[in-house]
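Where is there space inside this protein, and what surrounds the ligand?

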Amino acid sequence: MLANKTALITGSTSGIGLGIAKSLARQGANIVLNGFGDVEGPKAEIAALGVKVAYHGADMSKASDIEDMMSFAAVQFGQVDILVNNAGIQHVARIESFPIDRWDAIIAINLSSAFHATRLALPTMQARNWGRIINVASVHGLVGSAEKSAYVAAKHGVVGLTKVTALENATSGVTCNAICPGWVLTPLVQKQVDAKAAALGISNEDAKKQLLGEKEPSMQFTTPEELGELAVFFCSPAGANVRGVAWNMDGGWVAQ
Ligand code: NAD
């Protein structure tokens, strides 16, 4: 379905971004990966799906790096047809003790990076009258949780940016939508599981159950594969008039 299309997924060396990259690759899209840590493993996983893969190590907190990455993608594959703004970090603390540098980093990586990549991707998408921008927000783009001020502010911002991007392109073949996962067991959440296990002196398994029990009625983690299939739907012909939604995949979290 996505042969001859190019998808750039930020923060795709791990977790949800890598899951979405694999789902899009299975549909035939060429992939531009981005993110830190192991690069060769994810590149090999994508190449094994029979598509072309490239990698750019842009630090998503830096506008100039994002400009380099978008130019690199155009040189490698001609254009970016599908942009998935996924890179994100977390920090957990009450507002009165929230470190200022963590606030700034979360706003830059989780929110401003989506603005920069979007503004750079749009002109080519508009010229070709086809494009898909998928913002990985969170249930925290829809509801709050204590001790996550920067993250919740950034994710609500991402949902707002999604609506405006969708509206500004509403009469074209360019759509923009957000995916709002509940708990997904990636390295980002494993850190929160480890912190809970240490704080309460309980096992990792019990900490996972507690985490789910507080928020997610299904008592199951959403998986990167499930989120990847939602991204595929947004890219499919049936998704052509889905514009500006913030679609939660959260085991019932925000239904409560
Ligand atoms: P993860 O830690 O597994 O992956 C994050 C990715 O972002 C990695 O590839 C990492 O290298 C990259 N990254 C981090 N800082 C970066 C930077 N400055 N520049 C470039 N890349 C950077 O986390 P994840 O859980 O897969 O999170 C992916 C997205 O999903 C995030 O936006 C997160 O907020 C969102 N999300 C996660 C969950 C969850 O439960 N895991 C729930 C809702 C939303």
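On a 1 Å grid over the protein atoms alone, a cavity is a set of points where a 1.4 Å probe fits but cannot get out. By this rule the count comes to 1 cavity of 30 Å³ or more. The model is a predicted one.

**The cavity**

The largest cavity holds about 60 Å³ of space. Asn85, Asn86 and Ala87 are among its lining residues. α4 supplies the largest share, with 4 residues.

**The pocket**

The largest pocket contains about 1200 Å³ of space. Its lining counts 50 residues. Nearest the centre of the pocket lie Gly88, Ile89, Gln90, Leu188 and Val189. Five helices each supply at least two lining residues: α1 (15–26), α4 (100–128), α5 (149–168), α6 (187–200) and α7 (204–215). Of these, α6 gives the most to the pocket lining, with 9 residues. Both domain 1 (6–183 + 222–255) and domain 2 (185–221) contribute at least three residues to the lining of the largest pocket.

By class, the pocket lining has 24 nonpolar, 18 polar and 8 charged residues. The lining of the largest cavity divides into 5 nonpolar, 5 polar and 1 charged.

**The ligand**

The ligand is surrounded by 30 residues. Ser14, Asn86, Tyr151, Val184 and Thr186 are the closest.

| Residue | Protein atom | Distance to a ligand oxygen atom |
|---|---|---|
| Gly11 | polar backbone atom | 3.3 Å |
| Thr13 | polar side-chain atom | 2.8 Å |
| Phe36 | polar backbone atom | 2.8 Å |

How much of the ligand does the protein bury? Taken alone, the ligand exposes 830 Å², and the protein buries 93% of that.

Key:
Residues numbered from 1 in each chain as written. Predicted model: local features only at pLDDT ≥ 70, side-chain atom pairs only at ≥ 80, totals over all residues. Heavy atoms only, no water. 1 Å grid on protein atoms, 1.4 Å probe; cavity = no way out; pocket = protein on both sides within 12 Å on 5 of 7 lines; lining within 4 Å. Points joined across faces, edges and corners; volume = space filled by probe spheres on them. Nonpolar A, V, L, I, M, F, W, Y, C, P; charged D, E, K, R; others polar. Domains from an automatic or database assignment. Near = heavy atom within 4 Å. Polar contact = N/O pair within 3.5 Å; in protein donor to acceptor, adjacent residues only side chain to side chain. Areas by Shrake-Rupley, 256 points an atom, 1.4 Å probe, with all protein chains shown as cover.
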